[in-house]
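Visitor: I'd like a quick tour of how to read a few features in this model. Could you take me through them one at a time?

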Amino acid sequence: GLLPSAHYDLQVACLERRKAGFAELTERLTRGDEGAVANANKAVAALLSPSSCTDTEALLAEHPPPADPVVAARVAELRQALARAQTEESVGQHEEAEARAVEVRDEARTLDHPPLLAEALLRWGSAGMQAGREDAGARLDEALWLALVTEQRQVAAEAAAKRIFAHVELEDRKADVSEAIALARSLVERAGAADWRTQWVLDNNVAIARERRGEASRALEAYEAALSHVPDAPGSFERAATLLNMAPMQVRLGQPQQAERSARTAVVELTALLGSEHPQLRIAEASLAHVLRTSGRYAEAAAMLAGVLERFTESEPAPLWMLLEGTRIALGRGDLEDARAWCRRVQPRLERTGGKPSLWEVSFAVMDARAAAAAGDPAASEALAGLVVEAGREYETALALGQAEVQLALGRAAEVEVLVRPIAEDPAAIEQDVVKASVLLGRGLVAQEQWQAAHERLTALLDEGGERARLEPLEQAQVLVALSKAEAGLGRLDRAVARSEQAVAILAGFDRESPVVREAAAVRADHVRRRRDSTSSPSPSPSSDPPPAGGSIEQPQPSPAP
């Protein structure tokens, strides 16, 4: 008797929705559904709090009931179905969540109740996004525009925050979503801070969008903003996910120690949330191996990955991306036979039942050909060329970049230029592909002794505010080594020595026996020797070289600042 009956009914309906989501999870756990068991801790943490049902004003705004009591009762039942769909999404049952949301969507249209329709469209779009549907962005767009009409602030805010990821990740990785970000931020602020997860989703997705556009510093800032929204309690999936996302950005920005700390903290967070034996912990540990590998710590990366892989079985094999990481580690440390062994190991899982090769087949074929070419075997290049014909245009860019790596290792620099120049100069290409192609083109021009063209191409990669921050440490070192050769070819030995010393500094944390470390040290020694010989010769002394042009590469920071 303390509340008006209408308000009481709203609160009870809200509690019924919370109960429905809880019941869906407990039912799936009771049945032993694999997805529910694997994602149980995450799903429990995602359950909405019943205490939010005391906010009558928010309930009226977000879930306005129809005037007709019969329709209102049916709408309340359908909202419980959407709560169950949300739980299905949280345990990874995306297709079931989509199907349930579609049923509610269709009946909402029949009932002519736009607020319920907006909620159903949001759930349908969110589950579709998790399932990787290409039309997920369009679904979330529809949810957003309808929620704006019905003035459902929270629905609009969530749809706006999630559509950023859907459009960038599932449609166009180069898309400029600055307007979508501005709109989402205003809607999230308008909805208030009651739901920290929506704020987290927004900043995390903003970071991903900036990362895809090569804006490493701004991406890292957005990831740090996302972290600030996560409650300070041990065992947070959101904190762990953000830390794992931001670690590669820290590597790119010359912060390897911070990157390792982020990845290790994510492992600690997931261990607290899931327990030390949970399958999802393997993903975090394999991601840590990736960070160690991109930082040049190949032996540690190999040991970490081996510990992960030994916990898989024949009936539950390791995901292919982990095996590809093993191949990259072996190639990075110069163990060419081991790299090829990884590729042979995965072959039974890549057998085609018909049709064109998969992206995984292409990826492992490229790695095998690179290892073979580094060992001086030209047959790998011919095998890769055959795969290009089979694949057609579907993986054209990935194969062209792979072929260029192979041709460079075989000393066929002119062919490298033919393969990568179209990608490096294609305004429609994905930024990551443009950068990789530009690195290969610069190295190829150096190999052809086109010193001035190589110098212009490579210096552009190092310009402050340009593509420098988009280069991993290995790529930075490769660019600097090639640029030092171009400087030497142009007769500027002081600059050549300076660039090679920058490369050695970048590689300070790398395993000493890795090929790139040995090459950088050898190139620096050669430039130092040539400069010494030139200054000790009886010929007239040239004027001192000016300081290196273009941007500089900072050394990795020695002290710690996800």
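Guide: Let's start with two cysteines: both Cys14 and Cys53 are buried, where buried means under 20% relative accessible area, exposed over 50% and partly exposed in between (1.4 Å probe, protein chains only). Keep in mind that this is a predicted model, where local features need pLDDT of at least 70 and side-chain atom pairs count only at pLDDT 80 or more, while totals for chains, interfaces and linings use all residues. Residues are numbered from 1 along each chain as its sequence is written, and side-chain values use heavy atoms, leaving out hydrogens and water.

Visitor: What joins Cys14 to Cys53?

Guide: A disulfide, with S to S at 2.0 Å; the term stands for a pair of cysteine sulfur atoms within 2.5 Å. By this rule the count comes to one disulfide. The link of Cys14 and Cys53 is left-handed, with -70 degrees about the S-S bond. It links distant parts of the chain, 39 residues apart: Cys14 sits in helix H1 (residues 5-31), and Cys53 in the loop between helix H3 (40-46) and helix H4 (56-62). Helices here are DSSP runs (H or I, at least four residues), numbered from the N terminus.

Visitor: And how do I read a pair of helices?

Guide: Two packed helices are described by the angle between their axes and the distance between the axes. The axes are lines fitted to C-alpha atoms over the stretch in contact, with angles from 0 to 180 degrees between N-to-C directions. For helix H22 (residues 413-424) and H23, the axes come within 8 Å and cross at roughly 150 degrees. That makes H22 roughly antiparallel to H23, since angles over 145 degrees count as roughly antiparallel and those under 35 as roughly parallel.

Visitor: Which residue classes are in the contact of H22 with H23?

Guide: Eleven nonpolar, two polar and three charged residues. Nonpolar covers Ala, Val, Leu, Ile, Met, Phe, Trp, Tyr, Cys and Pro; charged covers Asp, Glu, Lys and Arg; the others, Gly among them, are polar. Val416 and Val420 of H22 are among those that meet H23 residues, including Leu441, with contact meaning heavy atoms within 4.5 Å.

Visitor: What about H21 and H23: roughly parallel or antiparallel?

Guide: Roughly parallel to each other. Helix H21 (residues 396-409) and helix H23 (residues 431-447) have axes that come within 11 Å and cross at roughly 25 degrees. Leu401 and Leu408 of H21 are among the contact residues, as are Lys436 and Arg443 of H23. That contact divides into five nonpolar, two polar and four charged residues.

Terms used:
Helix = DSSP H or I, 4+ residues; strand = E, 2+ residues; numbered from the N terminus. Parallel < 35°, antiparallel > 145°, perpendicular 65-115°, else oblique.
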